[in-house]
Amino acid sequence: MAPVLSFDNPIFSQFAFYASVVIIKTLIMAPLTALSRFKYNAFGNPEDYVTVKKPSKVVVNDAVERIRRCHLNDLENVIPFVIVGPMYILTGPQAAIAALHFQIFAGARIFHSIAYLLPLPQPSRALAYVVGLIVTISMLVNVLKHATF
Amino acid sequence: MAPVLSFDNPIFSQFAFYASVVIIKTLIMAPLTALSRFKYNAFGNPEDYVTVKKPSKVVVNDAVERIRRCHLNDLENVIPFVIVGPMYILTGPQAAIAALHFQIFAGARIFHSIAYLLPLPQPSRALAYVVGLIVTISMLVNVLKHATF
Amino acid sequence: MAPVLSFDNPIFSQFAFYASVVIIKTLIMAPLTALSRFKYNAFGNPEDYVTVKKPSKVVVNDAVERIRRCHLNDLENVIPFVIVGPMYILTGPQAAIAALHFQIFAGARIFHSIAYLLPLPQPSRALAYVVGLIVTISMLVNVLKHATF
C-alpha cells in the first residue's frame, strides 16, 4: 500500500499524537506569558493594565521575556517539524524509524522548555535544540531524496 | 467513505476557505507594519531609510510595535490552527460541528485583530484570543482521541 | 485522476523539493544567530555566557538582531507558503504553472535573505518580499476559487 495521510496509517496516527503534543506545548507558552505578566505587572500594551495602575513607561520584565523567547523558539522549531511530518510520512519510512523521529523530537522539545524556563545550566538547552533540529533535518533529507527538482 | 484531504470532501473545502481567510489576515499585517513604518519614519534597518534621513539611533514607534505584536500573536495562533485543521478533518468530524470550529476561529481572530489595532478596551482582545485557542484545543483533543501513542 | 498529496503526483513531488529548500533556509537562521552571538558575545540569556564573563546588562547587537529579523520574516512568509502549498496542489493546478509558483517563491526568499544579511540597498529586500508574497497570494486565490463558503 502506498503511504497515505490517514488514521488508518499507523505512522500517521502516531505522528498525529506527537505533533499534537508539541503543538499543545507551544500553545501553553502564551497563557504562561500572560500569567507571568500579571505576576510582575509587566504588560505589553497600555490597555492591558486593568487591575493595576499603568506605569509611565513600558515595563520589560526578565521572567516574562524568557517565556516569550522560549515561545518564539518553539515557533521556529516545532512548526517546521509538524509541517515536514506529513511529507516525511508520504515518503513511506519504516514504522519503527518514523516513531523514533517523532518520539525523540517531542522529548527534546519538552526538555528544551524545561531547560529554558528553570533555567538549567548550558549546554542543556542548546543540546535539546540541536537534537530537535537533527530530527527535522533527518526528515527533510528523506523528503529531498524522494522529491523531484 | 473515509475522510480525505480533497476538495470533494465538503469539510476540507470549507476548511480551505476559512484557513485561507485567516492566513490572508495574517499576511496583511506585514504591509500594515510597512505602511506604519513609513507614516512614523520608524524603520527596522538603517538601509530602509531611503526617502527620509536616517536618525542617529533606532526609532521604536508604539503604533508600529502594536501591529508587530498583533502579527506575532497571529503566527502563534493562526499557524497552529491551520496545521491542526487537516489532522482534525482526517478524524472524520461531523460537517456541522467542523464548520462551527472553522467559522468561530476565523471570527475570533478577525475580531482579535480589530481589538488589538483600534485598540478596544480589555478584555475584548483577551476574550478573542481565548475563543480562538479553545477552538484549536478542541480540534487537538479530537486528534488525540484518534491518534495512537 | 484527482489531484492527491503523494510523491506519485509530480506536482507534489516538486513542491516537496522547494518546500524543503525554503524550510532548510529558514532553519539555518538559528545557527547563524548563535554563531553571531558568539562572535559578538551578545547572548539572549544570562546562562548562555559560559565562555566569557556575563556583562552587567543585556547586550543587544545590531548584527545579531539583523539575523533575527531575517529569521522572523521567514517565519512570517515561508510558513504560510508551505501550509498553503498542499491546499493549492489539491486544486489541481497545471504542472508548469505550479512549478513556476514554487520556483519563484524559493528564488525570491533566498534572494531576500541575501539582501537582508549583506545588506543590499533597498528596494532589493522589499522587492524580494513582495515577489514571495504575490506567489503565496496567487496560490491562496486559487484555493479560494475551489473552496466553499
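Which residues in helix 2 of chain A meet which residues in helix 3 of chain A? I began my notebook with that one.

**Entry 1: ground rules.** I am working with a predicted model, where local features need pLDDT of at least 70, side-chain atom pairs count only at pLDDT 80 or more, and totals for chains, interfaces and linings use all residues. Residues are numbered from 1 along each chain as its sequence is written, chains are lettered from A and ligands numbered from 1 in the order in which they are written, and side-chain values use heavy atoms, with hydrogens and water left out.

**Entry 2: two helices in chain A.** I looked up helix 2 (residues 62-90) and helix 3 (residues 95-117) of chain A, whose axes come within 10 Å and cross at roughly 175°. That makes helix 2 of chain A roughly antiparallel to helix 3 of chain A (the word is used for angles over 145 degrees). Axes here are lines fitted to C-alpha atoms over the stretch in contact, and angles run from 0 to 180 degrees between N-to-C directions. Helices are DSSP runs of H or I with at least four residues, numbered from the N terminus.

Now my opening question: on the helix 2 side I found A:R66, A:I67, A:R69, A:C70, A:N73, A:D74, A:N77, A:V78, A:F81, A:Y88 and A:I89, and they meet A:I97, A:A98, A:H101, A:F102, A:F105, A:R109, A:H112, A:S113, A:Y116 and A:L117 in helix 3. Contact means heavy atoms within 4.5 Å.

**Entry 3: the core.** The largest nonpolar core has 107 residues, and A:F102, B:F102 and C:F102 have the most contacts inside it. Such a core is a set of buried Ala, Val, Leu, Ile, Met, Phe, Trp, Tyr and Cys residues joined through side-chain atoms within 4.5 Å. I followed B:F102 and found contacts beyond four places in sequence, including B:I11, B:F15, B:F81 and B:M139.

**Entry 4: one residue in chain C.** Is C:V78 buried or exposed? C:V78 counts as buried, at 1% relative accessibility (buried means under 20% relative accessible area, with a 1.4 Å probe and protein chains only). I placed C:V78 in helix 2 (residues 62-90) of chain C. Leaving out residues up to four places away in sequence, C:V78 touches C:V22, C:I23, C:T26, C:F105 and C:R109.

**Entry 5: between chains.** I saw 31 residues from chain A and 30 residues from chain B in their contact. Chain A and chain B bury about 2,500 Å² between them, 70% of it on carbon and sulfur atoms. Buried area is the accessible area (1.4 Å probe) that two parts lose on being put together, summed over both.

Definitions and conventions. Parallel < 35°, antiparallel > 145°, perpendicular 65-115°, else oblique. Buried < 20%, exposed > 50% of the residue type's maximum accessible area, 1.4 Å probe, protein only.
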